[in-house]
Amino acid sequence: MRVKKYLVKNMPEAMELIKLELGPNAVILHSEKVRKGGVFGLFARPKFEVVAAVDTDLQDFPQHNSHGDPSIQAMRDELKNLRVAISQVAARPQPVPNSVPRVASLESWYQRLIDQGVAQHLAHQTIQRVANELSRWTLDNQGVLNEHLHWYLGRQLPPPVQLNLNPAGPQVFFVVGPTGVGKTTTLAKLAAKFAHTPYKKNRVLMITTDTFRVAAIPQISAFGEILGVPVEVAYTPDDLLALIKSNADKDLILIDTPGRSQRAASEVAALSDYLAAVPEKIVHLAINAGTKYEDMHQIIEAFSAMPLDGLIFTKIDETSSLGAAYSVACERALPLSYLTNGQRVPEDIEVATADYVVDLLVGPVPDGIRSTRNGNSHQTMPGVRQEVTV
Ligand SMILES: Nc1nc2c(ncn2[C@@H]2O[C@H](COP(=O)(O)OP(=O)(O)OP(=O)(O)O)[C@@H](O)[C@H]2O)c(=O)[nH]1
Ligand SMILES: [Mg+2]
């Protein structure tokens, strides 16, 4: 770990210096306003003292060459065998609980939901309720059963929401979440979609509060430059509020935040200060769709210190099962807004309609029949009138 202290006139100057000397992976450990020089500090101009660090451990770590060491090779083999044994146990189909009606079509649907990672109690509840709602004849009719299950799975999701622009003032949209889930990329996709609609050019601004990771500002600035969307940096909650107030003419203000680990309560609390500074806002939590079900709950728990209005699931292209995401959205009653399905900006983002989510979860209805009862229409985010939709 290489640590260095800087005394600079302002934070942008610090960021430049740190990037130059410590590289883009450096992180800010501490920053504070200080008064140095003058007579006993009087008449001194305020400066910033910034402590930054970069992790050099990985490069310094000695690389042992274990080839040829028989005991290490034996351990490796043992681990390999264990891994194979565990994956075989995990792949074994779970027995269908006795309470699931003994109808072949329902049992296979139950298994399908479990295979997709839907929480067991939710899969069970779904099958049980569908069995209660349909007659024995319809349970044997694959087409009707498939359509009803699609509809029921969609109905269990909280009604989806999407961003709508408010003609009365800027819509302020925060994306928070763990590190590396795709928050910045998602905001860039939204900025592009809203700034360049076929019907109207909206005034969009991106603000980053991520002054923690040195590479974060150049990343969002590059997106801004390519997309023709202005980018501002807020170094403190007061900065953020001032920036929002001075941009009251914008239609949409998208706010990027630093990635926070759900295990670091103090980091999440520091982020809450930024949110608390802004009275009118919408906050969505971004989660990688491939995250384990239990971890998703832990993430939501940690970020519940903030007023969460919805969920964005990212990287759905990197997972083969959407069951955990589906279950967590149902259980927490948090509406979904967007799903992202790739790295391309702005293409790889979709509105999370119930139909789309259920199709991803269990595949489309085979005969193409699509019920219109799915609660598929989007709700406007509270307090805003729908004007433009992505
Ligand atoms: N496959 C895939 N990659 C994505 C998606 N969204 C973002 N990424 C990639 O994920 C990586 C991290 O994206 P960022 O937008 O920087 O993530 P972040 O959450 O802002 O990261 P931090 O600010 O460091 O917490 C980049 O390589 C993105 O291109 C997605 O939907 N699918
Ligand atoms: Mg980011």
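Analyst: A polar contact here is a pair of N or O atoms within 3.5 Å; within protein, one must be able to donate a hydrogen and the other to accept it, and residues adjacent in sequence count only if both atoms are side-chain atoms. This is a predicted model, so local features need pLDDT of at least 70 and side-chain atom pairs pLDDT 80 or more, while totals for chains, interfaces and linings use all residues, and side-chain values use heavy atoms, with hydrogens and water left out. Residues are numbered from 1 along each chain as its sequence is written, with chains lettered from A and ligands numbered from 1 in the order in which they are written.

Let's start with Thr291. A polar atom of its side chain sits 2.7 Å from the backbone oxygen of Asn288. Thr291 belongs to the loop between strand E9 (282-288) and H12 (helices, H or I with at least four residues, and strands, E with at least two, are DSSP runs numbered from the N terminus). Thr291 counts as buried, at 19% relative accessibility; buried means under 20% relative accessible area, exposed over 50%, and partly exposed in between (1.4 Å probe, protein chains only).

The whole structure has seven of them. In one, Arg332 pairs with Glu301, and their closest N and O atoms are 2.9 Å apart. Glu301 is in helix H12 (residues 293-303) and Arg332 in helix H13 (residues 323-332), so this pair links parts 31 residues apart in sequence. Both ends are partly exposed: Arg332 at 27% relative accessibility and Glu301 at 48%.

Another joins Arg155 and Glu133, at 3.4 Å from N to O. Glu133 lies in helix H5 (residues 120-133) and Arg155 in helix H7 (residues 142-156), so parts that are 22 residues apart in sequence get tied together. Arg155 is partly exposed at 40% relative accessible area, and Glu133 is partly exposed at 38%. Then there's Asp249 with Lys250, at 3.7 Å from N to O; here Asp249 is partly exposed at 42%, whereas Lys250 is buried at 14%.

On to the ligand. Around ligand 1 there are 19 residues, and Lys183, Thr184, Thr185, Asp317 and Thr340 come nearest (a residue is near a molecule or strand if one of its heavy atoms lies within 4 Å of it). On its own, ligand 1 has 650 Å² of accessible area, and the protein covers 83% of that (Shrake-Rupley method with a 1.4 Å probe; for residues, only the protein chains shown count as cover).

Helix H8 (residues 183-195) gives the most to this shell, with four residues. By class the shell has 11 polar, seven charged and one nonpolar residue. Ala, Val, Leu, Ile, Met, Phe, Trp, Tyr, Cys and Pro count as nonpolar, Asp, Glu, Lys and Arg as charged, and the others, Gly among them, as polar.

Definitions and conventions
Salt bridge = Lys/Arg side-chain N within 4 Å of Asp/Glu carboxyl O.
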